[in-house]
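Here's a quick tour for anyone meeting this structure for the first time. Have a look at it, then read on.

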Amino acid sequence: MRLILDTNLWVSGLLWRGLPWQLLRLAEHGKVELCSSPPMLAELAEVLAYPKFVGRLEQLGMTAIDLAERGANLASIWDVPTVEGRPLVEADPDDDIFLHCAISALADYIVSGDGHLLDLGQFAGIPIVTVRGFFMSEFPEMVD
């Protein structure tokens, strides 16, 4: 089962425990395939380097680069063509990278905490769900 995770879920899963972390564990055990693209990985590296995460990175004994590489190693990387024209997510065109990757990877789900993506409900037949919604649908035994 192929999943697209938004950047916030990657960050949460890499830095803390919880359902996003559980998604990364599922990928480590081959239960799901996390799909990403170079622009998505670049955004992840940029966000992990934000000053607000310095303390947490120090607690983990990791650098932003270490964690970005961990994310890259957990994901299948897709070459996603650049699409010109009107944004798919007009309220936040930066979110288009997740939708384009979902199409290229033939994803089963886009898992997100981003309101702009969640408001779409689905894209090209691919459900856009919260991390809890994903677990309730696919792995309900893992939800408290």
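In helix 3 (38–48), P39, M40 and E43 meet I97, F98 and C101 in helix 6 (residues 96–105), where meeting is a contact, with heavy atoms within 4.5 Å. Helices here are DSSP runs of H or I with at least four residues, strands are runs of E with at least two, and both are numbered from the N terminus. Keep in mind that this is a predicted model: local features need pLDDT of at least 70, side-chain atom pairs count only at pLDDT 80 or more, and totals for chains, interfaces and linings use all residues. Residues are numbered from 1 along each chain as its sequence is written, and side-chain values use heavy atoms, with hydrogens and water left out.

**Helix 3 and helix 6**

- Helix 3 and helix 6 pack with their axes 9 Å apart, at an angle of about 140 degrees. Axes are lines fitted to C-alpha atoms, for helices over the stretch in contact, and angles run from 0 to 180 degrees between N-to-C directions.
- That angle makes helix 3 oblique to helix 6. For the wording, under 35 degrees counts as roughly parallel, over 145 as roughly antiparallel, 65 to 115 as roughly perpendicular, and the rest as oblique.
- The crossing of helix 3 past helix 6 is left-handed, meaning that the near helix is turned anticlockwise from the far one by less than a right angle (clockwise would be right-handed).
- Seven of the 10 residues of helix 6 are buried, so the rest of the structure largely encloses this helix. Buried stands for under 20% relative accessible area, exposed for over 50%, and partly exposed for what lies in between (1.4 Å probe, protein chains only).
- The buried residues of helix 6 are D96, F98, L99, H100, C101, A102 and A105.

**Helix 1 and its neighbours**

- Helix 1 (7–15) and helix 2 (19–28) have axes that come within 7 Å and cross at roughly 85 degrees. That makes helix 1 roughly perpendicular to helix 2.
- On the helix 1 side of this contact you'll find L9, W10, S12, G13 and L14, and on the helix 2 side P20, W21 and L24.
- Helix 1 also crosses helix 5 (residues 64–74), at roughly 110 degrees, with the axes coming within 11 Å.
- W10, L14 and L15 of helix 1 touch L67, R70, G71 and L74 of helix 5.

**Helix 2, tucked in**

- How many of the 10 residues of helix 2 are buried? Seven are, so helix 2 is largely enclosed by the rest of the structure.
- They are L19, P20, W21, L23, L24, L26 and A27.
- Their cover includes strand 1 (2–5), helix 1, strand 2 (33–36), helix 5, strand 4 and helix 8.
- R17 lies over the face of W21, at 4.1 Å from the ring centre; to count, NZ of Lys or CZ of Arg must be within 6 Å of the ring centre and within 35 degrees of the ring normal.
- G30 follows helix 2, and its phi is positive, near 75 degrees.

**Aromatic pairs**

- The structure holds five aromatic pairs. Rings of Phe, Tyr and Trp (its six-membered ring) pair if their centres lie within 6.5 Å; planes under 30 degrees apart are stacked, over 60 edge-to-face, and the rest tilted.
- One of them joins W16 and F53: the ring centres are 6.1 Å apart and the planes sit at 65 degrees, so this pair is edge-to-face.
- The pair links distant parts of the chain, 37 residues apart: W16 is in the loop between helix 1 and helix 2, and F53 in the loop between helix 3 and helix 4 (54–60).
- W16 is partly exposed at 36% relative accessibility, whereas F53 is buried at 9%.
- Y109 and F134 have ring centres 5.1 Å apart and planes at 85 degrees, so they're edge-to-face.
- This pair also links distant parts of the chain, with Y109 in strand 4 (residues 109–111) and F134 in helix 8 (residues 131–138), 25 residues apart.
- Y109 is buried, with a relative accessible area of 11%, and F134 is buried, with 0%.
- Ring pairs link Y109, F134, F135 and F139 into a cluster.

**Two loop residues**

- A49, in the loop between helix 3 and helix 4, is partly exposed at 48%. A49 and I65 are 16 residues apart in sequence and 7.9 Å apart in space, C-alpha to C-alpha.
- D94, in the loop between strand 3 (75–77) and helix 6, is exposed at 53%. D94 and L117 are 23 residues apart in sequence and 11 Å apart in space, C-alpha to C-alpha.
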